[in-house]
Amino acid sequence: LDTQAAAVEETMTPVYAKTEGVHQALLRNLIDQVLNRLNGEMLQEYVPESLLNKHGFPNLQQAIQMLHHPSPDISLEQLEQCRHPAQQRMIFEELLAHQLSLMSVRQRVKKEEAVPLPLDLTQLDVFKQRLDFDLTPAQQTVIAEILQDLAKASPMMRLLQGDVGSGKTVVAACAVLAALGSKKQAAIMAPTEILAEQLFENFCNWFSAKDCVLLTGKDKGRLRQSKLEAIKQAKVHVIVGTHALFQGDVEFNELSLIIVDEQHRFGVHQRLALKDKGRFNGTIPHQLIMTATPIPRSLAMTAYADLDYSVIDALPSGRKPVSTVVVSEQRRQEVLGRVAGACASGEQAYWVCTLVEESEALQCQAAEETASLLQQALPELSIGLVHGRMKQQQKNTVVDNFKQGDINLLVATTVIEVGVDVPNASLMVIENAERLGLAQLHQLRGRVGRGLKQSACVLMYSSPLSERGKQRLAILRETSSGFVIAQKDLEMRGPGELLGTRQTGLMQMRIADIVRDESWLNEVSSASRYILQNHPDRVRPLIRRWLGRADRYGAV
C-alpha cells in the first residue's frame, strides 16, 4: 500500500453530460483549460452591481468557477435544486436576457406609428344594444383596454386570453367597430376555414354584410380575383379569412387593424411580420392576438413580454360549468345509453375519436369505423362524420347540418377542437381520452356548455391507465377553469411542449426553468425595465451572451 496520503481535492469533482466518445476526464481537462484562460474581458459583468448586491449574487467569474468546482461543504441537495446563489445568479441573468430581448422588440414597435382609431362611445352603445345578450363586466373591462390602445398613435400589440366560451368574438367586434368608425380596414385571421366562416357569419350579422368579405384557400379563379379587387379598392372593410389573407397577392387599402384568432403559438417573428402587410404612409396596423388556450401568468410574462395582455376571466351569465366524468372503456354500453337518452330528449352530442398513431389516414379510418359501429348500436339516430381527410366543402356541409339539428350525433377526430359552436350540443364523449394533453381535452370539452342547458363530458379511457394519464383525467374532472388547467399543464409538460415548436426562445433556455423559477419573474421584469432605462448599452451584450449572435428578434 502507498503509505503517502492521497491528496484530497479541495472541490467536488464535476460530472458533465456525456457525449459519445468523449470521456469525463477529457471533458474536465478541456473545461479546466478554458476556465484558466478566462479573463475579465471575456467574463464582462453586464448585470449592474446594484442588482448583484440587492440579491446577494456573486460576480460572474465567481459564479462560473463555483458551478464547475463547488466547494465540498455545499449541500448536494441545494445544488440539485439549483438554490445555490451562484446558480440563482445564472438563472436570473438568463431570464433577464430573454426578457430584455422581448422588451427591446416592444420598444421598437412602440416607436413606430399607427393610425389612431378613436371610437365614439355612442357608436359603441348603439352596437351593444343590437346584441341579443348583455356583455359581462369582464368583457366590458377588456373592451375598454383595447379601445384605449386603439385611440393612440402607437400600434397596439395585445394578447387577449379568454377561456373557451368566454365571448372573445364580440370583444374583437368592438375593435373592428373602431376601425370601421375611422373608415379603415380590419383583417381577422382564423386557423381553420370552419372558424373563419363562423366569424364571417357573426360579422355579417353585426355589421353591414356588403362591407364584409371572406377569403380562404378554396377561393379560386374569378371569385378570388373579384374578392382581391374589392379588398384592394377598399370596397370592403372587414376582411375575414385563414392564412390566405397574408399571401403575396393580397393587397389591402389602409389596413389599420389585424386580429389573429387562436394563433398564440406564433413566435415573435410571425407576430411582427404581419404588420408589413398594413404598412402605408409610414404607419403599421394595430394587432390583437386572441387565444382560448389560457396561458399561465408565468408563461405569459416570459413568452409574451412584447405584448400587453388582457384576460376575460368570467363566462357569460347563464353558462353552467360542464360536468365531467371519467369512465372505463368497459362501460361503453352505459355511455351509449347516455347518448341515446340525450338525443331522445332533443339534445345533440359529439363523439370524438383519438388514436395513438400520428397517421391522419389511420385516424380517419378509425373515425369511419366508429361512426359505422355507433350507427349499428344506435340505429334511431342521425349520425354525421367529420375528419381531416374530407374536402372542406364536405366538412362544412356536415357541420352546418349538425348546427341546424339535422344530425343528432357528430363523430369527429380532434378536427373539431376549434371553431364549432352549437349551443344545443350538450354531451361530449371523448374516446381514449388518456391519449390527449390537458389543453386539448379542455378545448374539446369547451365545444359543449355553450347554451343554457347543463352539459356533460365523458372521458373514456382504456386500461391500464398510466400514473400520468390518471393525473390528467383527475385534473379535468376536478376543475373547469382553463387557467388552473393551463398551470397544471405547464407543470406537467414544460413550456416548450405547451407552446409548440414555433416559440423557440423558451426551449433554448440553458439553466432557467420558468416553472421552478417563477418566483424570479416579477423581479426580472422590473430589472429589465431598470437596465433599459439606466444601462441601455448592456442590453445587446446580455442578449447576445444568452441568445447568441443570431438573436432571433434582431433582424425583424
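Arginine 516 is partly exposed, with a relative accessible area of 37%. That is my way in. One caution before I go on: this is a predicted model.

So who is the partner of arginine 516? The side chain of arginine 516 meets that of aspartate 517 in a salt bridge. The N to O distance is 2.9 Å. Is aspartate 517 buried or exposed? Its relative accessibility is 3%, and buried means under 20%, so aspartate 517 counts as buried. The general idea is simple. Side chains of opposite charge can pair when their charged atoms come close.

How many salt bridges does the structure hold? There are 20. I will show you two others.

Take glutamate 45 and arginine 89. They form a salt bridge, with the closest N and O atoms 3.0 Å apart. Where do they sit? Glutamate 45 is in the loop between helix H1, residues 24-37, and helix H2, residues 49-55. Arginine 89 belongs to helix H5, residues 85-111. Now look at accessibility. Glutamate 45 is partly exposed, at 23%. Arginine 89 is at 1%, so arginine 89 counts as buried.

Glu45 and Arg89 are linked with Glu93 and Arg545 in a network of salt bridges.

Next, lysine 232 and glutamate 251. Here the closest N and O atoms of the salt bridge are 3.8 Å apart. This pair also links distant parts of the chain, 19 residues apart. Lysine 232 is in helix H10, residues 221-232. Glutamate 251 is in the loop between strand S4, 238-241, and strand S5, 255-261. Lysine 232 has a relative accessible area of 40%, so it is partly exposed. Glutamate 251, at 43%, counts as partly exposed too.

Last stop: helix H21, residues 521-534. How far does H21 reach from its first C-alpha to its last? With 14 residues, H21 reaches 20 Å. That is close to the 20 Å expected at 1.5 Å a residue.

Which residues of H21 are buried? Leu521, Glu523, Val524 and Ser525 are among them. Keep the helix geometry in mind while you look. An α-helix has 3.6 residues a turn, so residues three or four places apart point the same way.

And what covers the buried residues of H21? The cover includes H2 and H5. It also includes helix H12, 297-303, and helix H22, 539-547.

Note on methods. Residues numbered from 1 in each chain as written. Predicted model: local features only at pLDDT ≥ 70, side-chain atom pairs only at ≥ 80, totals over all residues. Heavy atoms only, no water. Salt bridge = Lys/Arg side-chain N within 4 Å of Asp/Glu carboxyl O. Helix = DSSP H or I, 4+ residues; strand = E, 2+ residues; numbered from the N terminus. Buried < 20%, exposed > 50% of the residue type's maximum accessible area, 1.4 Å probe, protein only. Expected span 1.5 Å × (residues − 1). Contact = heavy atoms within 4.5 Å.
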